[in-house]
Amino acid sequence: MIEISDLLFRYPEGTFSLRVPAFSVAEGERIAVIGPSGSGKTTLLNLIAGIATPLEGRVTTDGEELTALGEADRRDFRVQRIGLVFQEFELLEYLGVMDNMLLPYRVNDVLRLDGEARERARRVAERVGLADKLDRNVDKLSQGERQRVALCRALCTEPAVVLADEPTGNLDPANKGIVLELLLESVAATGSTLVAVTHDHDLLPSFDRVVDFKQFYEPETA
Ligand code: ADP
Ligand code: MG
């Protein structure tokens with residue numbers, strides 16, 4: 001489902017480099033990625049999503065060799081088949097909960113925003129306890145609620161791959177459990193593959209596999 005081989009990535013600026021000789025995730029597998037801050041976990045999610053492109057090597061996600069696609073094709077692919085939960089949420093402050101959830105449908109016309117899509121969004125929101133806040137502007141929500149909006153937005157398109165960057169990072173312990181359960185159940189229901197970066201070690205047993213990023217990380221020596 002996700003295959004990375006002989007990858008070398010560098011940002012245009014700075015000295016960070018990421019080498020991943022081989023990394024793969026099976027279809028429907030739900031994996032947790034752990035590792036030190038700055039080791040490239042967010043970068044890896046961006047590579048799997050086709051947001052970032054490597055200098056060398058190949059990235060194949062859901063059968064598409066992203067490293068062979070142009071930027072526009074990668075964007076269409078991403079909107080249709082990837083659900084992204086960003087570390088910083090990336091919500092639009094001046095929009096309400098529902099409109100934020102429906103943003104993927106407005107990016108371009110590869111997804112159809114119809115009654116069914118709206119109904120799916122409502123159902124996902126209900127499961128995370130946001131049903132009574134659909135019209136509220138997201139700048140009037142708590143951090144935990146904002147986190148849940150970001151999660152719902154990634155799930156409502158029922159993507160083949162869900163990439164979640166510390167999806168429980170801003171939640172209290174009770175909400176962490178709820179959100180993780182929602183995430184795991186939702187991907188299981190749609191047969192989606194999940195890659196979740198997390199620092200919550202008590203949540204790790206819920207995943208099929210844990211990948212420690214330390215193995216790809218070469219801290220710079222002075
Ligand atoms: P993690 O998510 O594991 O904390 P990141 O993938 O965010 O790590 O970042 C890995 C490294 O790349 C860090 O050293 C970070 O400072 C650097 N980095 C992240 N984004 C950029 C960027 N746009 N340009 C240059 N360096 C970056
Ligand atoms: Mg990160």
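Q: How do you know where Lys176 sits, and what makes that stretch a helix?
A: Lys176 is found in helix 7, and the name follows from the definition, in which helices are DSSP runs of H or I with at least four residues, strands are runs of E with at least two, and both are numbered from the N terminus. This is a predicted model, in which local features need pLDDT of at least 70, side-chain atom pairs count only at pLDDT 80 or more, and totals for chains, interfaces and linings use all residues. Residues are numbered from 1 along each chain as its sequence is written, chains are lettered from A and ligands numbered from 1 in the order in which they are written, and side-chain values use heavy atoms, with hydrogens and water left out.

Q: Why is Lys176 called buried?
A: Its relative accessible area is 15%, and buried means under 20%, whereas exposed means over 50% and partly exposed lies in between (1.4 Å probe, protein chains only); Lys176 therefore counts as buried.

Q: What does Lys176 touch, and what makes a touch a contact?
A: Leaving out residues up to four places away in sequence, Lys176 touches Thr168, Gly169, Leu171 and Asp200, where contact means heavy atoms within 4.5 Å.

Q: Why does Asn175 count as buried, and where is it?
A: Asn175 is also placed in helix 7, and its relative accessibility of 18% falls under the cut-off, so it counts as buried. The C-alpha atoms of Asn175 and Ser206, which are 31 residues apart along the chain, are separated by 15 Å.

Q: Why is helix 6 called roughly parallel to helix 7?
A: The axes of helix 6 (residues 143-155) and helix 7 (residues 173-190) come within 11 Å and cross at roughly 0°, where axes are lines fitted to C-alpha atoms, for helices over the stretch in contact, and angles run from 0 to 180 degrees between N-to-C directions. Because angles under 35 degrees count as roughly parallel, over 145 as roughly antiparallel, 65 to 115 as roughly perpendicular and the rest as oblique, helix 6 is roughly parallel to helix 7.

Q: Which residues form the contact of helix 6 with helix 7, and how do they divide?
A: Arg148, Leu151 and Leu155 in helix 6 meet Asn175, Val179, Leu182, Leu183 and Ser186 in helix 7. These residues divide into five nonpolar, two polar and one charged, given that Ala, Val, Leu, Ile, Met, Phe, Trp, Tyr, Cys and Pro count as nonpolar, Asp, Glu, Lys and Arg as charged, and the others, Gly among them, as polar.

Q: What makes helix 1 largely enclosed?
A: Eight of the nine residues of helix 1 are buried, so it is largely enclosed by the rest of the structure. The buried residues of helix 1 are Lys41, Thr43, Leu44, Leu45, Asn46, Leu47, Ile48 and Ala49, and just after helix 1, Gly50 takes a positive phi of about 75°.

Q: Why does Ala52 count as buried but Leu55 as exposed?
A: Ala52 has a relative accessibility of 14%, which makes it buried, whereas Leu55 reaches 55% and therefore counts as exposed. Ala52 has its place in the loop between helix 1 and strand 4, and Leu55 is placed in the loop between helix 1 and strand 4 as well. Not counting residues up to four places away in sequence, Ala52 touches Phe9, Asn46 and Leu47, while Leu55, leaving aside its neighbours within four places, is in contact with Leu8, Phe9 and Arg10.

Q: What makes the pair between ligand 1 and Gly38 a polar contact?
A: An oxygen atom of ligand 1 is 2.7 Å from a polar backbone atom of Gly38, and a polar contact is a pair of N or O atoms within 3.5 Å (within protein, one must be able to donate a hydrogen and the other to accept it, and residues adjacent in sequence count only if both atoms are side-chain atoms). A backbone N or O atom of Ser39 lies 3.2 Å from an oxygen atom of ligand 1, and an N or O atom in the side chain of Thr42 is 2.8 Å from an oxygen atom of ligand 1.
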